[in-house]
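The sequence and structure are shown first.

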Amino acid sequence: MRFLGNVLAVIVGLLVFSVMSFFLLAGLIAIISSSEEEVKVKENTVLVINLEGRVLVERSNEDEPDFSSLGLFSGVPTIGLTSLKNAIRSAKENDNIKGIFLKPGTFLAGQAGIKELRDELLSFKEADKFIVSYGELYSENGYYLSSAADEIYINPSGFLEFNGFASEIIFFKGLFEKLEIQPEIFRVGDFKSAVEPFMLDKMSEENRLQTASFLNDLSEFALNEIAEGRGIANDRLKEINQQMLVRKVKDAEALQLIDGLKYEDEVIDLMKEKLGLEKDDKINTINISRMNRATKSKSRSSKNRIAVIVAEGEIMGGRDESIISSERFKEEIRKARKNDNVKAIVLRVNSPGGSALASEVIWRELEEARKVKPVIASMGEVAASGGYYIAAASDSIVAQPNTITGSIGIFALWFNAQGFLNNKLGITTDVVKTGEFSDFLSPTRRVSDMERTIFQAQIEEGYDIFLSRVAQGRDMSKEAVMSIASGRVWTGNQALENGLVDVLGGLDTAIEIAATKAGVEKDYRVVYYPEIKPWFERFLNQFSNEVQAYYQQKKLGNFYPVYRQIEQVKKYEGIMMRMPYEYIIQ
C-alpha cells in the first residue's frame, strides 16, 4: 500500500508541476509579447505609478517584462529608482501625458530614496500637470511620498499610518545564555553597536543617543516637507504626528492630511473631469516600463560618458552578484578607469558596510581611478561604515539630507560554543598543535587573554587604517576624524555639518558635478556599471531564490526575520565594518 501511495504521490506531483509549468510558460509568452510591441503614448494619457507592496532598489532593467502579474510566490517585487525617475521625466516632457495617478500604499523604501523620487514628482508638477494619489492603506513612507501630490485620497474604510519613526532591535543575549554559547566581541568605537544584539539585552546609552539623534533629524526633515506640501503649520503637523491624532481615516480628512475619502472608481471619475472626459469614457493609461520603452530612442548620444557604478548591498569578498563583492567591483571600476570614453566616475553607494578587507580592495581601485579622472560619490539611502570607507576615495561626496551615513568604526565577532557542545550535545574535543596559537580563536573553547590581546590589536590597527583613509579622502586630520567617528551614525544633514559630506543632493547632482569636473557638462551621456544580466537569466535566479525564501517563511513563520539575521552573521568573515543592525525606519 505504501508503494501505491508513493506512486500516486509522484503522479499527482507531476500533474501539479505540469499545470504550473503550462501557466508559467503561457504567462511568460504573454508578457514577452507585450514587452516587444512598439509603444506609443496616446493623447490625454495618465502615467500610473503603482508602488503597492514594492521595494525600492537603485536600478532595474527598464526594458524587462513585468513578472508581478504571475504571482507564483510571495516574494516582494522590486522597482528601480532610476527607472521611476526616467519615466517621470519623460512624462513631464511628453505633451500627451496630462498627469500621474500615484498609488504608493505600503511602499518600502529608505528616506533618501523617497526624497529623490518625491523631488522628481515636484519637478513634474512644474509642467502644469496634475498628480493624484490614492490608496487603501498608506504607510508613513507612502504618505511622505504622496505629500508631493496635488490631491490625496483614501478609501473610506482604509488606514493611514502617521505616528512618527521607530527603530526596534532584536537582542540575542538571552538566547545565547540558554544555549551556553558565549559571543567573543572585538570592537573599536563607543558607538559601534553592530555587535550589541549579541552582548546586551537592550540598547547601550551610546546607541540610544545616536539612534534618537538621527531618528529625530529624519522625522523633522520629513515633517517639514510634508507641512510644505500640505500647507499645514510645522508645529501643528508635529503635534498630529507625535500624538498619533490620526486614529481613523476621518481624522486624516478633518486634519487636512488628505483631501477626501473616496473609492478608487470615484478618484478615477475625478481624473476624468481633469482630462475633460465624460463619465463613461476610458482614461488612457501607461505604466513605468512602457513609458520608458516609449522614450528609449530619444536618449542622449555622446562619446563622452559618465560611468555610474551602482554599489548596493553588503560589502563582501568574492564575486557574488547580489552584493558589493570586491573582485567583481574591482574589475568594474578598473574597466571604467581604462575606458578613454569614460570621463568621470560616479560611485552610487547604498550599503551598510561589511568586510574591512573587501572595502579596502574596492577603496584601492577607486583611489587608482581618482588619479586619472574625477570620482564622485553619491550616497543613497545608507552609506555607512564600509559604505563610507569606499566613498572616502572620491573627490566629492554628495548625500541627501536624510541619508544614513558615518559609522566609522570596526568590529569582529566570534563564538565560543564549548558550553553548548559539552553540556547540551555531549560533544567534547581535543587538540594537538605545533605552536602555542595553532588553534587561534578556536570555537570550542574560551578565548585566552593573550589571544584577545593579539586580536584586539588587529582590530585597532584596522580602525587606524579606516581613520587614515577618511582623513586622506576628506583632507582632515586623523584627530578631527576621530572626534566624529567612534562608530557613530549620522544623517546627511549632520554629516554636512561635521565635514563627512560636501554637497546635499541626489544622484543627478553627483552626475552634474562629475561632468563639470571632467569638462564635459554640455556633452555627455550616462552609462551604468555593472551591466544588468539578460532578464531571463535573472528571472530564473529570482524564481529559485523566491522558492527558497517562500519555503523558509512558511516553515519558520514569525521567526523568519531572526533566521535571516543569523544567516547574515554566518557570512561575516574577518574584521567587519558594518552599520549597527539593519535599520527599518517606519
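This is a predicted model: local features need pLDDT of at least 70, side-chain atom pairs count only at pLDDT 80 or more; totals for chains, interfaces and linings use all residues.

Residues are numbered from 1 along each chain as its sequence is written, and side-chain values use heavy atoms, with hydrogens and water left out.

**The sheet**

Helices (H or I, at least four residues) and strands (E, at least two) are DSSP runs, numbered from the N terminus. Six strands form an open sheet in the order E8-E6-E5-E4-E1-E9, with parallel pairing; two strands pair if DSSP finds at least two bridges between them. Its edges are strand E8 (260-261) and strand E9 (284-286), each of which pairs on one side only. Strands of a sheet pair through backbone hydrogen bonds, either parallel or antiparallel.

| Strand pair | Bridges | Example of bridge partners |
|---|---|---|
| E5 (130-138) and E6 (151-160) | 6 bridges | Gly135 and Ile154 |
| E1 and E4 | 6 bridges | Val48 and Phe101 |
| E1 and E9 | 3 bridges | Val46 and Thr285 |

Strand E1 is largely enclosed by the rest of the structure, because 5 of its 6 residues are buried; buried means under 20% relative accessible area, exposed over 50%, and partly exposed in between (1.4 Å probe, protein chains only).

**Helices across the sheet**

Helix H2 (residues 81-93) lies across strand E1 (45-50) and strand E4 (97-103), at about 165° to E1. Helix H10 (residues 264-275) lies across E1, E4, E5 and E6, and runs at about 180° to E5. Axes are lines fitted to C-alpha atoms, for helices over the stretch in contact (heavy atoms within 4.5 Å), and angles run from 0 to 180 degrees between N-to-C directions.

Within H10, the buried residues are Val267, Leu270, Met271, Lys272 and Leu275. Their cover includes E1, E4, E5 and E6. At 1.5 Å a residue, the 12 residues of H10 should span 16 Å, the expected span being 1.5 Å times one less than the number of residues. The end C-alpha atoms of H10 are 17 Å apart, which agrees. Just after this helix, Gly276 takes a positive phi of about 75°.

**A buried loop residue**

Asn304 lies in the loop between helix H11 (288-294) and strand E10 (305-312). Asn304 counts as buried because its relative accessibility is 16%. Leaving aside neighbours within four places in sequence, Asn304 is in contact with Asn341, Lys343, Val520, Asp523, Tyr524 and Arg525.
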